[in-house]
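Biologist: Got the model open. Can we walk through it?

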Amino acid sequence: MATLADYGPEVRAEVKQVREVVANLHDQLIKWNLVVWTAGNVSQRLHTADLFVIKPSGLRYEYLTPSSMVVCDLDGNVVDGSEAPSSDTASHAYIYRHMPDVYGVVHTHSTYATAWAATGQNIPCGLTMMGDEFGGPVPVGPFRLIGSEAIGEGVVETLKKYPKSPAVLMQNHGPFTIGKDAEGAVKAAAMTEEVAHTMWAARQLGDIIPIPQEDIDRLNDRYQNVYGQH
């Protein structure tokens, strides 16, 4: 089995950079109240090789460093690292193999998003910011057990039905999000929890007013193609 020493200097340089990015982004999960204790994980895929960097399993966030991040191939095999990788590694690998445009994956157990997952409900699209970010509701994926690539399969099959959404609420488990890099996936995780909380609050006040799909499509197109700096 290959080790990092088998790869060239360009790959090793990107591994070093991505390890720093992934380690630092775990701080954002804490900042936005998306995880507790050792739950959750961030990964990012390399551009120079079929490898990705992921959080080690069961390590407290304050102990995470770039050197503790684990490098795996797209089958989930460890290529470099002294720690065991996240228990979700096989699912991250499955997503990267089957969604070639995805370069970042995040999993959290954030409170409100996970509450929607526990009830098996999509988060309905009742906010313009949901049209912007998700292009519709945040969908619920199937119930799958942890430890194999089954969760990744569920994420991929759900996102095929909701191609504009960067998030899936895996039933009885919690949110998985994707992005063009790990930062994008972390942003999607934070936005998922934000809309989950707001839409839960809206439900306490009354019926949610749906946004017509044609308006959702306009919102999403503007946000994805016009909003921000280019």
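Modeller: Start with the rings: a search of the whole structure finds 2 aromatic pairs. Pairing takes Phe, Tyr or Trp rings (six-membered ring for Trp) with centres within 6.5 Å; planes under 30 degrees apart are stacked, over 60 edge-to-face, the rest tilted. This is a predicted model: local features need pLDDT of at least 70, side-chain atom pairs 80 or more, while totals for chains, interfaces and linings use all residues. Residues are numbered from 1 along each chain as its sequence is written, and side-chain values use heavy atoms, without hydrogens or water.

Biologist: Why does the pair of Phe-52 and Tyr-96 count as tilted?

Modeller: Their planes sit at 50 degrees, so the pair is tilted, with the ring centres 5.2 Å apart.

Biologist: Which parts of the chain does this pair link?

Modeller: Distant ones, 44 residues apart. Phe-52 is in strand β2 (residues 51-54) and Tyr-96 in helix α2 (residues 89-98). Helices (H or I, at least four residues) and strands (E, at least two) are DSSP runs, numbered from the N terminus.

Biologist: Is Phe-52 buried or exposed?

Modeller: Buried, and Tyr-96 is too. The cut-offs are under 20% relative accessible area for buried, over 50% for exposed and partly exposed in between, with a 1.4 Å probe on protein chains only.

Biologist: And what do Tyr-112 and Trp-200 form?

Modeller: Another tilted aromatic pair, at 5.4 Å centre to centre and 55 degrees between the planes. Tyr-112 belongs to helix α3 (residues 111-118) and Trp-200 to helix α6, so this pair ties together parts 88 residues apart in sequence. Tyr-112 has 23% relative accessibility, so it counts as partly exposed. Trp-200 is partly exposed as well, at 39%.

Biologist: New topic, strands. Which residues of β7 are buried?

Modeller: Strand β7 covers residues 167-170, and both its faces are covered. Ala-167 and Leu-169 are buried on one side, Val-168 and Met-170 on the other.

Biologist: Do β6 and β7 pair in the parallel or antiparallel sense?

Modeller: Parallel, over 2 bridges, with β6 at residues 140-141. Strands pair if DSSP finds at least two bridges between them. Gly-141 stands opposite Met-170 in β7.

Biologist: How many bridges join β7 to β8?

Modeller: There are 4, and those strands run antiparallel, with β8 at residues 174-179. Here Met-170 faces Gly-174 in β8.

Biologist: How many residues lie between β7 and β8 in the hairpin?

Modeller: The hairpin has 3 residues between its strands. Check Asn-172 in that turn: its phi is positive, about 60 degrees.
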